[in-house]
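Please read the following account with the sequence and the model open side by side. It moves from packing to an open space and then to charged pairs.

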Amino acid sequence: MADARPRRITALSIFFGAGALISFTAVLALLFPESFLQSMWRLNPRARLAFDSMGTWAVILLESVSAACAFAAVGLWSGKLWGYRLAIALLAVNLIGDIYSTASGTEPRAAIGIPIVVAILLLVTTPATRTFFHARR
């Protein structure tokens, strides 16, 4: 059963699927400011203020994040090399953002994301995982 998808890839695919859903929900909350979705901003009210200051660009950014996460989820789930590469790229961008946000003092709580993303990257870049995707090309 050499072609079986590793559990860590299944988990990462679900993780990216959740990211797509959450970022799309944020898009809807920004587009419909009087909706029941507004309560989601209680989790991070500073994010709402930051998105408000970006105007339409916030919606474009979150739509892009949602689409990228959805593509990564589908690519990982189906064992496509492009999905794996997209997932690694998205995790790397997230890591860079967390480092910048922490170092600049913009969002000190982003520091918690640094070891998490590093651990995920280490977990999914093992030789066995890379072999799974390269063997399926």
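**Packing, pocket and charge pairs**

Apart from neighbours within four places in sequence, Ala87 is in contact (heavy atoms within 4.5 Å) with Leu12, Phe16, Ala72 and Leu76. The model is a predicted one, in which local features need pLDDT of at least 70 and side-chain atom pairs count only at pLDDT 80 or more, while totals for chains, interfaces and linings use all residues. Residues are numbered from 1 along each chain as its sequence is written, and side-chain values use heavy atoms, with hydrogens and water left out.

Ala87 also belongs to the largest nonpolar core, where, of 18 residues, Leu12, Phe16, Leu76, Ala87, Leu91 and Phe133 touch the most other members. Such a core is a set of buried Ala, Val, Leu, Ile, Met, Phe, Trp, Tyr and Cys residues joined through side-chain atoms within 4.5 Å, and buried means under 20% relative accessible area, with exposed being over 50% and partly exposed in between (1.4 Å probe, protein chains only). At least two residues of this core are supplied by each of helix H1 (7-31), helix H3 (56-77), helix H4 (81-104), helix H5 (113-124) and helix H6 (127-135), where helices are DSSP runs of H or I with at least four residues, numbered from the N terminus. H4 gives the largest share, five residues. A second, separate core has 11 residues, including Trp41, Ala47, Ala58 and Val59. In soluble globular proteins, nonpolar side chains tend to be buried together.

The largest pocket has a volume of about 1,800 Å³. On a 1 Å grid over the protein atoms alone, a pocket is an open set of points where a 1.4 Å probe fits, with protein on both sides within 12 Å along at least five of seven lines, and lining residues have an atom within 4 Å of a point; grid points are joined across faces, edges and corners, and the volume is the space filled by probe spheres set on the points. Its lining comprises 40 residues, of which Asn44, Phe51, Leu62, Asn94 and Asp98 lie nearest the centre, and H1, H2, H3, H4 and H5 each supply at least two residues of that lining. By class, the lining divides into 26 nonpolar, 10 polar and four charged residues, with Ala, Val, Leu, Ile, Met, Phe, Trp, Tyr, Cys and Pro counted as nonpolar, Asp, Glu, Lys and Arg as charged, and the others, Gly among them, as polar.

The whole structure holds three salt bridges, each a side-chain nitrogen of Lys or Arg within 4 Å of a carboxyl oxygen of Asp or Glu. In one of them, Arg46 pairs with Glu107, their closest N and O atoms being 3.1 Å apart; because Arg46 lies in helix H2 and Glu107 in the loop between H4 and H5, the pair ties together parts that are 61 residues apart in sequence. Arg46 is partly exposed, at 42% relative accessible area, whereas Glu107 is buried, at 16%. Glu107 also meets Arg109 in a salt bridge (2.9 Å, N to O), and shared partners join Arg46, Glu107 and Arg109 into one network.

Arg48 forms a salt bridge with Asp52, with closest N and O atoms 2.9 Å apart, and both residues lie in helix H2, four residues apart, about one turn of the helix.
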